[in-house]
Amino acid sequence: MQSTDTSLLPVLKQYFGFTSFRPLQEQIIIDSLAGKDVFALLPTGGGKSLCYQLTALIRPGLTIVISPLISLMKDQVDALLASGIDATYLNSSLSSAESRKRISDLHDNKYRLLYVAPERALLSHFLKDVVNWNVNLIAVDEAHCISEWGHDFRPEYRQLVKLRKLMPDVPVMALTATATKRVREDIIKHLHLRNVSSYIASFNRPNLSYTVIPKSDPYQQLVSFLDQRKDESGIVYCQSRRTTESLAERLVSDGFSAAPYHAGMDSIERTHNQELFLRDEIKIICATIAFGMGINKSNVRFVVHYDLPKNIEGYYQETGRAGRDGLPSDCLLLFSGGDVVKQMYFINEKENPHERNVAKAQLRKMVQYAESSECRRKLLLHYFGEQYAKPNCDGCDNCQIPREKYDGTVDAQKFLSCVYRIYEKSGFNVGLRYITEVLTGGDTEKIRRWNHNDLSTYGIGKDRSREEWMDIGRELIRLQLLRQQDNGGFTVIEVTPEGMEALKQRAPIKLTKPVQTGDAVKVREEDGYDRTLFNRLRTLRKQIADRRDVPAFVIFSDVALRQMAREFPVSTEAFKRISGVGEQKLRDFGIVFINDIKDYLEENPRAQKRRRKTKKPGTKSSRMNDTTRETLQLFRAGKSVEEIAAARNLKSGTIYSHLERAANAGEEIDLNRFVTPDELREIRAAFKKIGYGNLTGVFELLGKRFDYEILRIVRAMD
């Protein structure tokens with residue numbers, strides 16, 4: 001099958017309103033159009049759907065999309081129809097009459113895309129019909145479901161090879177957001193992909209911030225976090241079904257817009273609550289892990305883990321449901337040792353010893369992540385086999401407010417010595433909590449029975465609480481001075497060779513102070529847009545969406561609304577330049593949004609004045625304060641951003657913002673300190689092509705090679 005010789009960008013703009021591709025999208029589409037089988041692993045929000053949707057528009061015929069979720073099918077089709085693309089779906093939610101009509105339309109070649117559940121695609125009458133529909137591509141979404149090693153194995157996915165055998169010349173595209181190497185190999189094997197082109201994107205989500213705080217008064221901590229985000233949508237993940245219901249009920253009584261979701265609810269009520277959330281009728285969904293896969297809601301601004309997740313895979317997938325539109329979004333985890341105990345209780349109930357050991361190892365990794373003082377982004381990426389090169393991500397609590405280190409040599413010696421003395425006396429190792437009981441002089445039946453109250457280390461740690469010693473013990477495990485092992489279903493600790501060496505040599509040991517309880521991270525969002533206009537346009541969007549009976553994001557994304565509230569487009573030509581405005585949406589919604597923006601400008605003279613004054617973000621302004629002047633002086637003296645940040649005890653991001661402010665005030669910034677002349681020309685060409693208001697679009701067009709801070713300074717200098 002040969003590819004059509006055509007330019008992809010005009011089609012991308014015509015139907016989807018974008019002027020550039022996200023990483024790997026273009027290569028995936030080109031390979032698919034060339035008739036190749038393709039495997040694509042793109043993170044949530046990485047644009048998987050567009051890969052087969054654009055392909056479907058270029059090559060004549062029908063693209064079949066295998067999707068496991070009914071709600072996702074409807075959302076995808078609604079969005080495609082709003083963009084002027086003929087699409088439909090077949091699933092159990094349709095009446096017999098409606099199904100027959102759609103099948104008749106398929107025989108008449110009325111659609112470019114068909115979404116179908118795997119069970120439906122394997123029915124004999126479907127297999128009989130599909131060979132007559134001029135199928136040009138089979139796209140298998142959520143392809144990890146085909147693997148027993150995947151996190152959501154579905155046996156019917158294994159039978160999809162029937163479609164391949166029935167139409168051997170039709171290329172297959174397999175897509176997923178999470179897959180280990182073993183799962184990727186399973187997908188390729190069981191779908192019979194031939195000469196496959198594999199694309200593995202970065203797991204990094206730069207727009208997400210990660211914060212972990214000790215759980216003290218969790219409900220009040222959650223309320224403090226939500227109070228700053230009352231107009232935003234978010235998910236609160238809970239461990240138990242009961243917690244989702246009680247938490248949602250309590251939030252509603254305190255004036256928040258919330259509802260529960262879990263697998264034990266009546267299916268009608270569960271679906272109703274999900275629909276309310278998708279349509280912004282409620283802002284907060286309190287859910288178990290049953291909620292999320294395939295939820296096509298791009299404007300989730302936060303994800304809170306009210307309880308500790310079982311493993312990092314689940315945590316990464318659940319946090320990934322925030323910020324799918326690329327805008328700044330927050331991920332908060334409330335962590336306590338009590339949650340670890342609860343998880344261990346459930347793990348110990350597993351009958352299979354291998355499953356227990358695997359689950360314990362996964363939980364230990366999760367606890368290490370929660371307690372670590374390292375960059376959380378670096379830890380997440382490392383878990384998935386990816387290296388994060390920067391020393392500071394400036395997007396997690398540990399990078400923004402580094403935790404203090406102290407000379408913990410004495411504490412470490414006490415702990416290591418206690419572990420060693422217990423083993424020396426009794427010939428067996430014990431668990432972490434038991435060590436803390438011995439250190440603090442606990443009077444328990446076990447301590448007396450084993451005569452551990454006679455040890456020289458008994459009671460030598462009374463100056464600290466048991467929880468403090470638990471923190472120190474886990475820190476020593478992270479430093480590999482102690483290690484955990486499974487002993488007949490119980491986790492025990494022992495001193496490692498490195499720990500023995502430190503014990504003998506009394507080597508200095510630096511420990512990290514545990515994170516202190518405090519308010520959650522502040523709202524992190526892109527500046528430069530008129531928030532009053534944004535909220536007004538959001539109301540207009542919801543009214544139109546309700547009339548069309550679709551979720552609000554189907555009309556326009558938050559990215560598009562923020563750009564409108566930044567650039568004030570009052571002509572058709574200007575409105576066409578907004579990200580996400582294709583030809584169909586321009587025809588359907590352009591006039592009504594343009595008129596609303598005009599009305600707002602007439603009603604708000606200050607906004608009108610700001611619009612005339614600001615041709616683009618970064619227009620010169622005289623606003624410079626003393627701290628900005630000090631940064632500028634050091635920069636002109638030859639100091640690097642990192643050196644200035646260290647000298648002034650500030651974050652690098654703050655120094656970059658000072659330089660941007662100075663550029664906006666008319667000060668000259670030597671851009672050659674950041675980019676080469678060729679790179680500068682490339683950046684300026686990207687701004688000229690996409691527009692100065694679409695910073696995210698420029699970032700992606702340039703392949704994410706330049707940090708946002710650099711792009712902002714270049715923009716301010718132009």
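Reader: With which side chain does the side chain of Asp596 make a polar contact?

Author: This is a predicted model, and in it the side chain of Asp596 makes a polar contact with that of Arg536, at 3.3 Å. Asp596 lies in helix 26, residues 583-603.

Reader: Which residues is Asp596 in contact with, once its neighbours within four places in sequence are left aside?

Author: They are Arg536, Leu537 and Leu540. The C-alpha atoms of Asp596 and Leu540 are separated by 8.4 Å, although these residues are 56 places apart along the chain.

Reader: Is Asp596 buried or exposed?

Author: The relative accessible area of Asp596 is 15%. Residues under 20% count as buried, so Asp596 is buried.

Reader: How is the packing of two helices described?

Author: One gives the angle between the axes and the distance between them. Here, the axes of helix 19 (residues 432-439) and helix 21 (residues 466-478) come within 9 Å and cross at roughly 130°. Helix 19 is therefore oblique to helix 21. Their crossing is right-handed.

Reader: Which residues of helix 19 and helix 21 meet?

Author: From helix 19 come Leu432, Arg433, Thr436, Glu437 and Leu439; they meet Arg466, Glu467, Trp469, Met470, Gly473 and Arg474 of helix 21.

Reader: Let us turn to sheets. How do strands of a sheet pair?

Author: Strands pair through backbone hydrogen bonds, in either a parallel or an antiparallel manner.

Reader: How many bridges join strand 9 to strand 12, and how many join strand 9 to strand 11?

Author: Five bridges join strand 9 to strand 12 (residues 300-305), and these two run parallel. Val236 has Val304 as its bridge partner in strand 12.

Reader: Where do the side chains of a regular strand point?

Author: They alternate between the two faces of the sheet. In strand 9, Ser233, Ile235 and Tyr237 lie on one side and Gly234 and Val236 on the other, and all are buried, so both faces are covered. Because five of the five residues of strand 9 (residues 233-237) are buried, the strand is largely enclosed by the rest of the structure.

Reader: What is the strand order in the open sheet of seven strands?

Author: The order is 3-4-2-5-6-1-7, with parallel pairing. Strand 3 (87-90) and strand 7 (197-200) are the edge strands, each pairing on one side only. On average, neighbouring strands of this sheet are turned by 15° against each other, direction ignored. Helix 3 (residues 48-58) packs on the sheet, touching strand 2, strand 4, strand 5 (135-140) and strand 6 (172-176).

Technical notes
Residues numbered from 1 in each chain as written. Predicted model: local features only at pLDDT ≥ 70, side-chain atom pairs only at ≥ 80, totals over all residues. Heavy atoms only, no water. Buried < 20%, exposed > 50% of the residue type's maximum accessible area, 1.4 Å probe, protein only. Helix = DSSP H or I, 4+ residues; strand = E, 2+ residues; numbered from the N terminus. Pairing = 2+ DSSP bridges. Contact = heavy atoms within 4.5 Å. Polar contact = N/O pair within 3.5 Å; in protein donor to acceptor, adjacent residues only side chain to side chain. Axes fitted to C-alpha atoms, helices over the stretch in contact; angles between N-to-C directions. Parallel < 35°, antiparallel > 145°, perpendicular 65-115°, else oblique. Left-handed = near helix turned anticlockwise from the far one by under 90°.
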